[in-house]
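Me: Could you walk me through this one? I'd like to talk about charged pairs and strand pairing.

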Amino acid sequence: MKFLVLALCVCAVSAQEFRGYKPLGVLAQPAKPVPVVKPVPVVKSVVSGSEADAVILRSDTEVNPDGFSFGYETDNGISAQSSGSLKKVDNIDVLAIQGQYEYSAPDGTPVKFTYTADENGYQPQSELLPVAPPMPEAIRRAIDYILAHPPKTETVKKL
């Protein structure tokens with residue numbers, strides 16, 4: 001018991017010499033006032049005009065244990081269709097999905113996307129997607145040269 005009391009006294013003296021130590025009374029300081037923030041107004045709707053008044057013309061949904069399909073169409077030109085089914089890839093069930101959606105942009109441009117999503121990722125197709133510029137001829141020739149002349153492998157001898 002005497003050893004325990006002695007050990008606690010040594011710890012207390014060591015703690016006072018520790019740079020980060022502050023007595024308990026110093027830690028209990030009044031909190032700084034928190035500034036009052038004005039409340040943010042709640043948005044009632046993110047659509048307006050014809051989108052807010054759109055009528056659903058068609059809505060189909062079918063869900064099965066091995067896949068699904070759905071589709072909808074509104075009177076303002078918005079439509080979407082999608083279907084998915086399970087397939088085996090390396091003995092793992094993967095959901096493969098094909099679909100499309102279309103609508104009119106605010107400037108009146110018709111927007112149409114088709115896509116697939118499977119073990120290779122999401123792959124959209126549309127005339128509106130940006131296309132990378134062609135590869136410069138010098139870089140294409142350099143890549144062809146590197147592919148035709150792979151680096152030689154050297155064996156390192158251990159001493």
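Predicted model: local features only at pLDDT ≥ 70, side-chain atom pairs only at ≥ 80, totals over all residues.

Me: How many salt bridges does the structure hold?

Reply: The structure holds six salt bridges. One of them joins Lys-87 to Glu-119, with the closest N and O atoms 3.3 Å apart.

Me: Why does that pair tie together separate parts, and where do Lys-87 and Glu-119 lie?

Reply: Lys-87 lies in strand S3 (residues 79–89), while Glu-119 is in the loop between strand S5 (110–118) and strand S6 (121–125), so the pair ties together parts that are 32 residues apart in sequence.

Me: And is Lys-87 buried, exposed or partly exposed?

Reply: Lys-87 is partly exposed, its relative accessible area being 33%, and Glu-119 is also partly exposed, with a relative accessible area of 36%.

Me: OK, next one: which side chain meets Lys-88 in a salt bridge?

Reply: That is Asp-93, and the N to O distance in this salt bridge is 3.3 Å. Lys-88 counts as exposed at 60% relative accessibility, whereas Asp-93 is partly exposed, with a relative accessible area of 48%.

Me: What about Asp-144 and Arg-140, how are they placed in helix H3?

Reply: Asp-144 and Arg-140 are four residues apart in helix H3 (residues 137–148), which means that about one helical turn separates them. Their side chains meet in a salt bridge with an N to O distance of 2.7 Å. As for accessibility, Asp-144 is partly exposed at a relative accessible area of 38%, and Arg-140 counts as partly exposed at 35%.

Me: Which residues are linked in a network of salt bridges?

Reply: The network links Arg-58, Asp-60 and Glu-73.

Me: Switching to the sheet, what is the order of the strands?

Reply: It is an open sheet of six strands in the order S1-S2-S3-S4-S5-S6, and the pairing is antiparallel. Strand S1 (56–64) and S6 stand at the edges, where each has a single partner strand, so one side of each is left without a neighbour in the sheet. On average, and with direction ignored, neighbouring strands of this sheet are turned by 10° against each other.

Me: Over how many bridges do S1 and strand S2 pair?

Reply: S1 and strand S2 (residues 67–74) pair over eight bridges in the antiparallel sense.

Me: And which residue in S2 stands opposite Glu-62?

Reply: That residue is Ser-69, which stands opposite Glu-62.

Definitions and conventions
Residues numbered from 1 in each chain as written. Heavy atoms only, no water. Salt bridge = Lys/Arg side-chain N within 4 Å of Asp/Glu carboxyl O. Helix = DSSP H or I, 4+ residues; strand = E, 2+ residues; numbered from the N terminus. Buried < 20%, exposed > 50% of the residue type's maximum accessible area, 1.4 Å probe, protein only. Pairing = 2+ DSSP bridges. Axes fitted to C-alpha atoms, helices over the stretch in contact; angles between N-to-C directions.
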